[in-house]
Amino acid sequence: MSENTNIGKYFRKHCSGFLIIVLLLLFSGNSYSQKITFVAEASNVVEVGEKFRISFTLNSEGTNFQPPDFPDFSVLSGPSTSSSSSMQWINGNVTQSVSYSFSYILMGNKPGTYNINPAKISVNGKVYSSNALKIEVVGNGSNSQSQNQNQQQNNQQSQTITGQEVPNE
């Protein structure tokens, strides 16, 4: 029994501090080196009366989400929030990623081209702004040639940007 006790003392004395340092580096190192991105995505062409999703996705934990106004659309639901997290160990390198999404289901009310302003969110005391979106609402069956061309060019409109810090107001 004294041999097991000596091994336990040796481990506690020499290895426990090392284990704590490794765990701290794994879980804190990635969060400081990560670039914050806050991206808005939606279809760029929808029909009048068609339901569509707009999502605002952040790659870090944030607070005080401020959605834009949707005056030209009916808000059918939202915000729905979701999150995901993953950690990978490949050849001794650890990568960790998180994603937080805020989604709305909208419906276009009348034909036209509408701008959706950026959303805002706070991360570690700084306010970040997503990209703005432009959505074309077409009449049922009208402008189908224009709609098909736009959908072929870009079915999803998104602009990955490094989150823009905006001044607190």
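This is a predicted model: local features need pLDDT of at least 70, side-chain atom pairs count only at pLDDT 80 or more; totals for chains, interfaces and linings use all residues.
User: Noted. How many helices and strands does the chain have?

Analyst: There are 3 helices and 12 strands. As for burial, 30% of the 169 residues count as buried.

User: Let's go inside, then. Which residues touch the most other members of the largest nonpolar core?

Analyst: Ile54, Phe56 and Phe73 do, in a core of 24 residues. Six strands each supply at least two residues of this core: β1 (38-43), β3 (51-58), β6 (93-108), β7 (112-116), β8 (120-123) and β10 (133-138).

User: Which strand gives the most?

Analyst: That's β3, which contributes 4 residues to the core. In general, nonpolar side chains tend to be buried together in soluble globular proteins.

User: What is Ile54 in contact with, leaving aside neighbours within four places in sequence?

Analyst: Quite a list: Ile54 contacts Glu41, Ala42, Phe70, Phe102, Ser103, Tyr104, Leu106, Ile116 and Leu133.

User: And Ser55, is that residue buried or exposed?

Analyst: Ser55 counts as buried, because its relative accessibility is 12% and the cut-off is under 20%. Ser55 is found in strand β3. Leaving aside neighbours within four places in sequence, Ser55 is in contact with Val39, Ala40, Glu41, Phe102 and Ser103.

User: How far apart are Ser55 and Phe102, in sequence and in space?

Analyst: They're 47 residues apart in sequence, but 5.6 Å apart in space, going C-alpha to C-alpha.

User: Switching to rings. How many aromatic pairs does the structure hold?

Analyst: It holds 7 aromatic pairs. One of them is Phe56 with Tyr104, which is edge-to-face, at 6.5 Å centre to centre with 85° between the planes.

User: Why does that pair tie together parts that are apart in sequence?

Analyst: Phe56 sits in strand β3 and Tyr104 in strand β6, so the pair connects parts that are 48 residues apart in sequence. Phe56 is buried at a relative accessible area of 0%, and Tyr104 also counts as buried, at 6% relative accessibility.

User: What about Phe65 and Phe102, how are those rings arranged?

Analyst: Those two are stacked, with 4.1 Å centre to centre and 5° between the planes. This pair also links distant parts of the chain: Phe65 is in strand β4 (residues 63-66) and Phe102 is in strand β6, 37 residues apart. Phe65 counts as buried at 18% relative accessibility, and Phe102 is buried with a relative accessible area of 13%.

User: Which residues do the ring pairs link into a cluster?

Analyst: The cluster is made of Phe38, Phe56, Phe65, Phe70, Phe102 and Tyr104.

User: On to sheets. What is the strand order in the open sheet of 3 strands?

Analyst: The order is β2-β10-β7, with mixed pairing. β2 (45-47) and β7 are the edge strands, each pairing on one side only. On average, neighbouring strands in this sheet are turned by 30° against each other, direction ignored.

User: Do β2 and β10 run parallel or antiparallel?

Analyst: They run parallel, and 3 bridges join them.

User: Last one: how many residues lie between β8 and β9 in their hairpin?

Analyst: There are 2 residues between them, and Asn124 in the turn has a positive phi of about 50°. The two strands are antiparallel and joined by 4 bridges, with β9 covering residues 126-129. Lys120, for instance, has Ser129 in β9 as its bridge partner.

Conventions
Residues are numbered from 1 along each chain as its sequence is written. Side-chain values use heavy atoms; hydrogens and water are left out. A nonpolar core is a set of buried Ala, Val, Leu, Ile, Met, Phe, Trp, Tyr and Cys residues joined through side-chain atoms within 4.5 Å. Buried means under 20% relative accessible area, exposed over 50%, partly exposed in between (1.4 Å probe, protein chains only). Contact means heavy atoms within 4.5 Å. Rings of Phe, Tyr and Trp (its six-membered ring) pair if their centres lie within 6.5 Å; planes under 30 degrees apart count as stacked, over 60 as edge-to-face and the rest as tilted. Two strands pair if DSSP finds at least two bridges between them. Axes are lines fitted to C-alpha atoms, for helices over the stretch in contact, and angles run from 0 to 180 degrees between N-to-C directions.
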